[in-house]
Amino acid sequence: MVHFSTIALALASVLPQLTRGAGLHTAAVAKGKLYFGSATDNPELTDAPYLAQLSNTDDFGQITPGNAQKWDASEPSQNTFSYTKGDVIANLAATNGQKLRCHTLVWYSQLPSWVSSGSWTNATLLAAMKNHITNVVTHYKGKCYAWDVANEALNEDGTYRNNIFYQYIGEAYLPIAFATAAAADPDAKLYYNDYNIESAGSKSTGAQRIVKLVQQYGAKIDGVGLQAHFIVGSTPSQSAQATNLAAFTALGVDVAYTELDIRMTLPSTAALLTQQSTDYQNTVAACVANAKCVGVTIWDYTDKYSWVPSTFSGQGDACPWDANLVKKPAYAGILAALGGTASTTSTTTTFVTTTTTASSGGTGGTAVPLYGQCGGSGWTGSTTCASGTCKYGSEWYSQCM
Ligand SMILES: O[C@@H]1[C@@H](O)[C@H](O[C@@H]2CO[C@@H](O[C@@H]3CO[C@@H](O[C@@H]4CO[C@@H](O)[C@H](O)[C@H]4O)[C@H](O)[C@H]3O)[C@H](O)[C@H]2O)OC[C@H]1O
C-alpha cells in the first residue's frame, strides 16, 4: 500500500495550485474569501487550549461574539450600556488580527425585559431602538467588519415575525434600523441575518423582500447572513444552496454563512460523521462557488461549547472539532471544499483532503480526494493507516490510503 503522504507529495509536485498545509482560513483566503471564522463566548475564553485554537489564524480569520453584544448584554436597563463582555471579544480579535463580525442589534430574543415587556408607543419604541443602535454601533465603530443589524425578522412562511418592533413600528423598523446603524458606522457592512433561508422557499423569498425594502427606503444593506443551523442528512444540497445564494446576490448584496453547524441525533456514528463531513463540504463549496459569498462562520468550533445540546434535546456533535478539541471528519470536508491540503500538528489530528485537477498543467479536471491520516488524539486502532483502516471512538474508518 502506498502511504497517503507519498501520493500527496507526488500530486503536489504536478499540481501547482495545491495549498499545502493550509488551515481553514488560509485556504478560504486562497479561494478569494475574506475569512473563515468561528463564534465564541466569554465563559469559554478561560479554557487555555480552547483559546489557543480559537486564536489560530491559520484556521480562524474572524470571530463573532455568540452572546456578548446582544441587547440583554449591552443595554440591560434603559440607556445604561455595558460593553465589558463585548470588549473582551473585540479586543481578542484585534490582538489576534482577526476580523470581528458583530451580532446582533435588533432581535426578538435575548431582549431585556424593559424592552420585551415595556409599555410602548410607536414613538417611544422607535426612539429606544435608535438609541440602542446608535450607542452600540458607535461604541464598536471601526472594530466591526460587519453587523447583523436585524436577526430573525421572519416567520417560516416568509411573513413578518410579530415581534415587539413589528407590533409598534411595523415593517419600517427594518430600514430604520439599517439607516441608524449606517449613520453610526458608515464603514461596517450591514447584514440581515436569519435561519432556514439557505434554500429556495417562502422564507428565503421573504428575506429577499427585506433586502428590497431596505434598498427602496434608501438605506444601506450590504449583505444577507444565512445562519445555516443544519441537521446531518437534511442539509440542502450544494446546488440548492448555490441557486439560493445567487438569488440574494442578484439583488446586489453580499452573502455569508454566519452560524454554520450541523447537528445529529446522538450518539454519533461513523456514518453520521461521514455524512456530516459531506454536508459541511457541500455548504462551504456553495459559498466558494459564489464570488459574493464573503466567508463562513461556524457557531463555535468545538462540541465542547456548542449551543446545540442545550437547545435541541438529544442532539449535538454539530461542530468540526469534538469536545476534546480533536478535528472530526467534518474538518476534512470543509478543507476539501476550500481546496486545502493536509498538515499534521503535534496536538491534533489533521485530515488530508484536496480537490484539484489531475492534469499535469494544473487547470480543469477532476476532484481527487485524499482521505484521512489516522492518528493523534481520539484515534485508536491502526493509527498510521498502514492497514487501510483506523478507528475514531468506537468506529472504524476505511478511507485511509
Ligand atoms: O449561547 C447561546 C447562543 O449561542 C445562541 O445564539 C443564537 C443561535 O442561533 C440563532 O438563533 C437560533 C437559530 O435557530 C433557531 O432554531 C431553528 C429552528 O428551525 C430549525 O429548522 C433550525 O435548524 C433551527 O436552527 C433558534 O430558535 C434560534 O434561537 C441566533 O442568531 C444566535 O444568536 O443564543 C442562545 C444562547 O444561549
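The structure holds 18 aromatic pairs, meaning rings of Phe, Tyr and Trp (its six-membered ring) whose centres lie within 6.5 Å. It is a predicted model, where local features need pLDDT of at least 70, side-chain atom pairs count only at pLDDT 80 or more, and totals for chains, interfaces and linings use all residues. Residues are numbered from 1 along each chain as its sequence is written, and side-chain values use heavy atoms, with hydrogens and water left out.

A pair of aromatic rings is described by the distance of the centres and the angle of the planes. W71 is in helix 4 (residues 71–74) and F165 in helix 8 (residues 164–169), so the pair links parts of the chain 94 residues apart; helices here are DSSP runs of H or I, at least four residues, numbered from the N terminus.

Now the ligand. There are 16 residues around it, and N67, K70, H103, E152 and E259 come nearest; a residue is near if one of its heavy atoms lies within 4 Å.

Which side chains have an N or O atom at 2.7 Å or 3.2 Å from a ligand oxygen? K70 has one at 2.7 Å, and R263 has one at 3.2 Å. From H229, a backbone N or O atom lies 2.9 Å from a ligand oxygen. A polar contact is a pair of N or O atoms within 3.5 Å.

Conventions: A polar contact is a pair of N or O atoms within 3.5 Å; within protein, one must be able to donate a hydrogen and the other to accept it, and residues adjacent in sequence count only if both atoms are side-chain atoms. Rings of Phe, Tyr and Trp (its six-membered ring) pair if their centres lie within 6.5 Å; planes under 30 degrees apart count as stacked, over 60 as edge-to-face and the rest as tilted. Helices (H or I, at least four residues) and strands (E, at least two) are DSSP runs, numbered from the N terminus.
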